[in-house]
Amino acid sequence: MASTRRTVKTKIKPPRKHESEVSLDETWSRLSTNIREIHNQNASNLSFEENYRYAYNMVLYKNGAVLYKGVCQLVAENIDRLAQSEIIPAFPSGSSKDPVQQSQEGESLLKALRRVWDDHTGNMSKLRDILKIASIQRLMIVPEIWDAGLDIFLKHIIRPPIQDHVTSAVLSLIQIERDGYVISRSVVKECVDVLLQLSVDHDAKTVYKRDLEPAVLTASETFYSAEGKRLLETCNAPEYLRRVEARFDSEQARTYHYLFSQTGVPLRKILERHLLTHNLSSVIGMPNSGLDVMVDLDKFDDLNRLYRLFLMVPSGMPTLRRSFKDSILRRGREINLASASIDTGQDVDDGDLNDAENTKGKDKGQGRTATGPPTLTLALKWVQTVLDLKDKFDCVWARAFDKNRDVESSLNEAFEDFINLNEKAPEYISLFIDENLKKGLKGKTDMEVDAVLDKTITVFRYITEKDAFERYYKNHLAKRLLLGRSVSDDAERGMLAKLKVECGYQFTQKLEGMFHDMKISADTMQAYRKYLEGVSAPEVEISVTVMTSTFWPMSHSSASCVFPEILIRACKSFEHFYFARHSGRRLAWQPSLGNADVRVQFKARKHDINVSTFALVILLLFENLADDGFLTYEELKTATSIPDTELQRHLQSLACAKFKILKKHPPGRDVHPSDSFSFNNDFTCPMQKIKISTVSAKVETIKERRETRDRIEEERHHQIEACIVRIMKDRKHLTHNDLVNEVTRQLASRFQPNPQNIKKRIEGLIDREYLERCEDRKSYNYLVRVCDINMFPHLIVAIQA
């Protein structure tokens with residue numbers, strides 16, 4: 001069967017033309033009617049498909065421009081209608097002065113703006129869905145309908161007078177809240193959100209940044225400029241600080257709740273400038289309420305608030321440090337002024353007045369209380385007051401200023417300054433340590449002992465003339481050790497350990513040598529007592545402390561004394577024993593440092609009396625004297641060879657103090673060369689053991705202080721020279737300025753050398769050919785030579801450092 005093939009040709013017809021069925025005008029009429037229905041909130045009755053087809057057809061037949069412009073015009077008409085019906089009627093009247101009424105009017109306007117915005121954005125969202133045809137933007141190069149809607153809102157709503165009223169309403173609400181009233185923060189927040197979504201010319205700058213934020217900052221500038229002046233006039237310092245802190249907190253909360261976060265930084269700068277920077281000195285120096293008063297009243301919360309606020313601004317910390325230092329300096333100067341009221345005075349010898357009778361009431365004859373004379377009491381009070389002041393400001397620093405290191409630096413500078421303004425500070429500190437280590441620590445625990453020593457070291461750390469302190473401390477330590485008045489050996493060595501930590505081994509080397517001598521002396525006395533078991537012992541039992549002259553202060557060596565024969569035999573016995581053990585040594589007796597226990601027979605009874613060695617020599621002269629006999633001052637002086645100063649002091653102790661072992665003729669308080677003395681056979685006392693207090697100068701007189709200062713200056717000259725030689729021997733060549741700086745640095749731990757003194761010592765070393773001046777006249781060379789150590793009798797310690 002034959003197959004046949006037929007070819008069927010299909011003709012493609014052109015698309016049907018719609019414009020013949022639906023015209024452009026009719027399509028736009030239907031679509032615009034529906035858009036108006038959307039604007040009237042009747043979108044639920046419309047067909048999305050139908051409206052989309054209308055828009056599609058207009059674009060398809062190249063009528064997109066008509067569609068785009070028409071929609072924009074309809075949106076603008078709706079915006080104008082809403083402005084007339086919603087926003088303009090809500091304009092504040094401006095006639096009310098009541099903050100509550102003003103707040104309500106402002107909130108009504110902002111609510112109206114938000115309603116219009118919500119209505120507009122809801123409509124634009126629907127229109128965007130209908131007109132979402134990319135070809136419109138591609139063909140016409142126009143913004144999306146949503147962006148066009150924002151531009152229309154910006155031009156028709158954010159314009160005068162609406163914009164002016166909206167800005168004024170926001171500023172009014174902010175001011176009302178600053179005045180302490182409650183506003184609706186959410187209303188302001190909604191308005192701010194609208195302005196943040198509207199951009200100017202599609203750049204990054206929003207309407208909020210362009211218009212509202214500058215207005216807010218300008219108003220804030222004006223408000224806080226006046227507020228700072230008002231608070232300064234009406235508030236004391238603590239209240240001012242509380243108000244300022246509250247303002248910072250409120251502005252931070254305001255920024256967080258309804259202003260843009262970036263506004264917080266410039267707004268905070270305004271507060272810092274007008275509430276803090278401009279008024280720092282005025283607030284901290286307010287009379288009756290400033291820093292001084294807050295410190296006096298322990299207002300730690302207010303001080304901490306001051307510290308936190310001052311940290312916010314660059315000039316705050318320098319102002320606080322300066323005022324803090326000035327406050328300490330003012331108090332320190334007052335302490336120094338009080339201590340300078342009395343320069344001289346007398347007191348009982350170290351550790352005397354230990355008996356109960358000696359510590360009761362006031363000695364009318366001597367004009368001093370049981371706590372000591374004005375001078376000693378003043379010295380101890382000065383140190384204790386400084387310690388109390390340090391404790392107070394340490395507490396302020398820790399509790400109020402968060403242990404800030406810059407503030408601590410100012411604190412230390414202030415204490416160092418005013419402590420070193422008192423030229424007696426090294427002596428006073430040594431006296432304070434002496435008083436405590438001698439009797440003040442009895443019955444205290446080890447922790448309490450360390451606490452007292454640590455506090456004392458705190459003040460010691462501030463003094464620059466540590467070499468002067470060393471001289472005083474050595475004298476006081478010598479008396480405590482020789483007279484057995486240290487509260488404990490552990491306390492003494494604990495103090496030495498702390499001094500060594502502060503100043504190094506060299507500072508305490510001689511002091512430790514004194515302790516070593518005491519130990520060697522104890523061993524020597526044990527050997528001496530064994531020696532006496534095999535020989536004829538002297539009538540007087542003696543206890544001898546052998547002191548190395550380079551370790552101990554030998555300022556008492558000039559006080560000569562002629563011993564009675566009974567004491568001479570005892571001394572010869574010990575010398576014979578000692579020289580048999582140590583050949584080539586020489587002993588020099590120091591009667592001014594000794595004491596004795598002697599039993600004295602009176603009419604009523606016998607008493608055991610503790611007196612100084614000088615007083616013992618004086619009393620022995622009355623031993624064989626008739627009951628009605630007497631000795632003149634000149635006779636006593638000739639017999640004993642005791643210097644006038646010492647003789648008067650000890651006669652005054654024996655005849656004019658509380659326990660009158662001798663009678664002075666004529667009676668009186670002071671001893672004169674014309675006086676005569678007799679033994680007081682009628683003396684009575686309920687106590688068996690009596691300690692005779694030797695009148696001595698506890699705080700140096702002006703003359704003694706001048707002599708001490710001269711000796712210190714002489715020692716400093718030698719130390720400076722030793723330091724120069726040591727440096728130049730190591731460096732060989734140095735400029736003048738470098739040499740002065742290095743000498744100052746190395747000696748700073750002992751004292752602050754004067755550059756002029758250093759220059760004089762350099763000139764002296766050049767004259768003695770230890771150094772030579774270079775041709776440039778500004779530098780020096782070290783001359784190599786065998787150094788004659790005898791030329792530097794005081795330099796051995798320094799060279800070994």
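Is R115 buried, partly exposed or exposed? With a relative accessible area of 44%, R115 is partly exposed (buried is under 20% relative accessible area, exposed over 50%, partly exposed in between, with a 1.4 Å probe and protein chains only).

A note on all views: this is a predicted model, where local features need pLDDT of at least 70 and side-chain atom pairs count only at pLDDT 80 or more, while totals for chains, interfaces and linings use all residues. Residues are numbered from 1 along each chain as its sequence is written, and side-chain values use heavy atoms, with hydrogens and water left out.

**View 1. E86 and R115 meet in a salt bridge.** Their side chains come to 3.1 Å, N to O (a salt bridge is a side-chain nitrogen of Lys or Arg within 4 Å of a carboxyl oxygen of Asp or Glu). E86 sits in helix α3 (residues 64–87) and R115 in helix α4 (residues 99–130), so the pair ties together parts 29 residues apart in sequence. (Helices are DSSP runs of H or I, at least four residues, numbered from the N terminus.) E86 is partly exposed too, at 30% relative accessibility.

**View 2. R480 and D434 pair up while buried.** The closest N and O atoms of this salt bridge are 2.8 Å apart. R480 belongs to helix α20 (residues 466–482) and D434 to helix α18 (residues 425–440), 46 residues apart.

View 3. E239 is partly exposed at 23%, and so is R243 at 35%.

**View 4. F415 is among the residues with the most contacts inside the largest nonpolar core.** That core has 85 residues (a nonpolar core is a set of buried Ala, Val, Leu, Ile, Met, Phe, Trp, Tyr and Cys residues joined through side-chain atoms within 4.5 Å). Helix α16 (residues 374–399) gives the most to this core, with 11 residues. Leaving aside residues up to four places away in sequence, F415 touches I328, V386, L389, K390, F393 and Y462 (contact means heavy atoms within 4.5 Å). A second, separate core of 61 residues includes F91, M124, V216 and Y258.

How values were computed. Helices (H or I, at least four residues) and strands (E, at least two) are DSSP runs, numbered from the N terminus.
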